[in-house]
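Here is a short tour of the protein on your screen.

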Amino acid sequence: MKYCIIGAGGCGGSLAAYLTDAKKDVTVIARGKHLKAMQEEGLTVDTPHRGTFTAAVRAMTEAEYTEIPDVIFVCVKGYSLDSVVPFLQKHADKHTIILPILNIYGTGSALQKEIPNSLVLDGCIYIAAEIKEPGRIWQKGDIFRVVFGVRDSKDYRSELKTIESDLRDAGITPLLTDYVKRDTFKKYAYVAPMAACGLYFDASAGVFQKEGEERQLFADCMREIDALAVAMGIPFDIDIVQTNLDILDGLDANASTSMQRDIWAGKDSEIDGLVFEPVRMGRKYHVEMPHYEMIAKKFGMKD
């Protein structure tokens, strides 16, 4: 399988490093100082579970890439999605599988409309990682899981099992699921409340790892997403609050969501998709979202 990864931040960079280290055929698309560092010295990853390693990743710009790969991982932020559509249209054919692993729920079905001749999956990633400096990724927890699948069973391809196997070979936990709408919404039920509450309290993971109003608000927001899942017809098969609290408690105390880091840095952010969108979804599905409403109002959402 020939893989292309567009986006080399904490998620895409980690995928590229692990797959490359496992001798898979991978190209990562990047830019700027991060690209230059990867080209000159490889990509170094600091992890709590396997120490520090450097992978000799193949890295280049969008303009330099000329191939049609078997699989494209889309690892950009939600606000950058439109900008990569031309790349995907140029480098995907009917055999290409496109796997977006963004924080924003429903990205796969939205992309499928833009790229109708390729198979676009739904997917998500569980990882706490960020660029520490050009050419270096810092992972802040042991969790590294990729969830993916087709929305309609008629679209299933045997290549999905190969992707699953390659991820496992690379030390990444794969979940090829028959219930991808539900299982990607599980991730949203973590990242959206964590982003909203982290922003509300201007806090990293350590603040939420101990009892108090911060942890309580996080749990309340997760319960609102849980109610949304029921209303949407994709009820969770687990105790989503306890499951996500366990994930939170396994992170480095300094971990934060990428949305928070973007806002702290004065950059564009995914606030619309992670803080405002749950409120809109609640209104659509007639689910009361008082805690989300409170947070969204504080940060400027208009009625």
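## A strand covered on both faces

Let's start inside this predicted model: strand 7 (residues 97-100) is covered on both faces, with Ile97 and Leu99 buried on one side and Ile98 and Pro100 buried on the other. Buried here means under 20% relative accessible area, with exposed over 50% and partly exposed in between (1.4 Å probe, protein chains only). Strand 7 runs parallel to strand 6 (residues 71-74), and four bridges join them; two strands pair if DSSP finds at least two bridges between them. Across from Pro100 in strand 7 stands Val74.

## The whole protein

Stepping back, the protein has twelve helices and eleven strands, counted as DSSP runs numbered from the N terminus (helices H or I, at least four residues; strands E, at least two). Of its 303 residues, 54% are buried. Its radius of gyration is 19 Å, which agrees with the value near 19 Å for a compact globule of 303 residues; this is taken over C-alpha atoms, with a globule rule of 2.2 Å times the number of residues to the power 0.38.

| Property | Value |
|---|---|
| C-alpha box along the principal axes | roughly 50 × 40 × 35 Å |
| Contacts joining residues at least 24 apart, among those at least 6 apart in sequence | 69% |

Contact means heavy atoms within 4.5 Å.

## Notes on the model

Residues are numbered from 1 along each chain as its sequence is written, and side-chain values use heavy atoms, leaving out hydrogens and water. Local features need pLDDT of at least 70 and side-chain atom pairs count only at pLDDT 80 or more, while totals for chains, interfaces and linings use all residues.
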